[in-house]
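Please look at the sequence and the structure shown below, and keep both in view while reading.

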Amino acid sequence: MKHARRPLAQLLRVATLSTLLGMSLAHAADDYSDITQLLRAGKAQDALAKADQRISTNPRDPQLRFLRGVAQADIGKQTDAISTFTKLTEDYPELPEPYNNLAVLYANQNQLDKARTALEMAIRTNPAYATAHENLGDIYAKLAGQAYNKALQLDASQAGTLRPKLALIRELFSVDAKSAGAKGSATVARATAPAPTAAPVAAPAPVVAAAPAAPVAAPVPPPVPVAAAPAPAPAPAAAAAPAPAPTPAPAKAATTHNAAKDVEKAVQAWASAWEDQDMGGYLGAYAKTFQPKGQTSRAAWEKERRERIVGRAKINVGVSDLSVKIDGDKAQARFRQQYSSGNLNVSSRKTLDMVNQGGRWAIVRESTGG
């Protein structure tokens with residue numbers, strides 16, 4: 001069945017619904033059940049009050065904090081919801097759902113670059129997260145529409161080629177109000193609740209309905225033996241032509257090329273998060289094994305980075321002359337970094353040593369100069 005696609009600005013209206021549908025109340029703790037029932041009844045303000053009350057005794061419970069963010073978004077407290085989900089990405093960078101809902105919030109504010117960065121983080125955290133892939137496709141389509149409009153403004157002579165493209169994008173995001181808004185109609189919710197793997201609280205964390213796992217590939221059957229043809233009479237040795245050497249398959253080169261492209265994307269996402277002062281995306285680019293240089297602890301380094309990044313009037317981080325070397329699950333990215341903020345303008349060489357952690361390239365060491 002073909003589903004009606006909602007514009008990005010309307011995605012938040014399904015955030016509460018999709019969270020409820022993504023939870024299994026049969027095995028959820030009473031706290032979660034009470035809050036979700038309030039959200040189901042449209043009492044987001046009461047749900048927020050109850051979530052805050054429960055969080056006061058369980059401040060690190062990820063599901064309670066996620067529900068708080070949903071309630072904040074539902075009553076229009078966009079800034080508070082962004083803060084809630086951002087803190088969740090910092091405390092639980094392994095959960096993709098907070099990144100996804102951050103992207104929904106950013107898209108609602110037409111901050112499409114921030115939405116794109118958040119979705120890329122969600123996908124690095126869980127490459128099989130279909131919701132984030134779909135949302136990222138929508139973001140790319142919206143960005144393409146903006147670019148086509150800008151091109152049309154700059155050069156009206158290209159209208160013949162640009163307007164059909166714009167029409168296709170508008171059609172993609174058109175809404176059939178009756179089919180999309182009717183009760184019981186099949187819609188795809190795109191903001192989802194997290195499924196924490198290990199919540200640090202005494203009560204067991206709720207299990208959230210996850211997307212179906214990728215099907216396991218069926219084993220390849222053994223080749224059917226073929227009856228050998230009778231061997232021909234041996235030819236004279238001098239007449240035997242040497243067999244041509246087999247051409248090596250380019251699979252390894254293609255794999256290395258794809259890995260290098262993924263590393264380049266990870267570096268660009270790291271720089272974009274830094275520019276946007278998105279501490280969830282920025283700190284999430286670093287592996288848990290990252291050892292800060294000259295710092296006594298990871299916590300001290302994160303505190304220092306927040307103080308230097310958050311609150312700046314404007315930050316620009318440029319990446320040029322990027323080269324990547326791949327060695328199995330390890331990579332080294334070398335580039336020239338152009339940093340500017342206020343009166344400070346610095347150009348320097350930067351090296352990032354990275355490791356592949358479940359399909360996500362993360363920084364384990366960084367150095368400047370050389």
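**Aromatic pairs and packed helices**

At 0% relative accessibility, phenylalanine 66 counts as buried, where buried means under 20% relative accessible area, exposed over 50%, and partly exposed in between, for a 1.4 Å probe and protein chains only. The model is a predicted one, in which local features need pLDDT of at least 70 and side-chain atom pairs count only at pLDDT 80 or more, while totals for chains, interfaces and linings use all residues. Residues are numbered from 1 along each chain as its sequence is written, and side-chain values use heavy atoms, with hydrogens and water left out.

Phenylalanine 85 is also counted as buried, because its relative accessibility is 2%. The structure holds ten aromatic pairs; rings of Phe, Tyr and Trp (its six-membered ring) pair if their centres lie within 6.5 Å, and planes under 30 degrees apart count as stacked, over 60 as edge-to-face and the rest as tilted. Phenylalanine 66 belongs to helix α4 (residues 62–74) and phenylalanine 85 to helix α5 (residues 78–91), so the pair ties together parts that are 19 residues apart in sequence. Helices (H or I, at least four residues) and strands (E, at least two) are DSSP runs, numbered from the N terminus.

How do these two helices lie against each other? The axes of α4 and α5 are 7 Å apart, and the packing angle is about 160 degrees. Such axes are lines fitted to C-alpha atoms, for helices over the stretch in contact, and angles run from 0 to 180 degrees between N-to-C directions. The two helices α4 and α5 are therefore roughly antiparallel to each other; angles under 35 degrees count as roughly parallel, over 145 as roughly antiparallel, 65 to 115 as roughly perpendicular and the rest as oblique. Among the residues that make the contact are Phe66, Gly69 and Val70 of α4 and Ala81, Phe85 and Leu88 of α5, contact meaning heavy atoms within 4.5 Å.

Helix α6 (residues 96–108) and helix α7 (residues 112–125) have axes that come within 8 Å and cross at roughly 165 degrees. That makes α6 roughly antiparallel to α7. The contact involves residues including Tyr99, Leu102 and Tyr106 of α6 and Ala115, Leu119 and Ala122 of α7.

Another aromatic pair joins tryptophan 274 and tyrosine 339, and is tilted, with 5.5 Å centre to centre and 35 degrees between the planes. This pair links distant parts of the chain, since tryptophan 274 is in helix α11 and tyrosine 339 in strand β2 (residues 330–341), 65 residues apart. Both tryptophan 274 and tyrosine 339 are buried. Ring pairs also link Trp270, Trp274, Tyr282, Tyr286, Phe290, Trp301, Phe335 and Tyr339 into a cluster.

Finally, consider the backbone. Glutamine 277 has a phi near 60 degrees, a positive value in a residue other than glycine. Glutamine 277 sits in the loop between α11 (251–275) and α12 (279–284), and its 22% relative accessibility makes it partly exposed. Aspartate 321 has a phi near 50 degrees, again positive in a residue other than glycine. Aspartate 321 is placed in strand β1 (residues 316–327) and counts as exposed at 56% relative accessibility.
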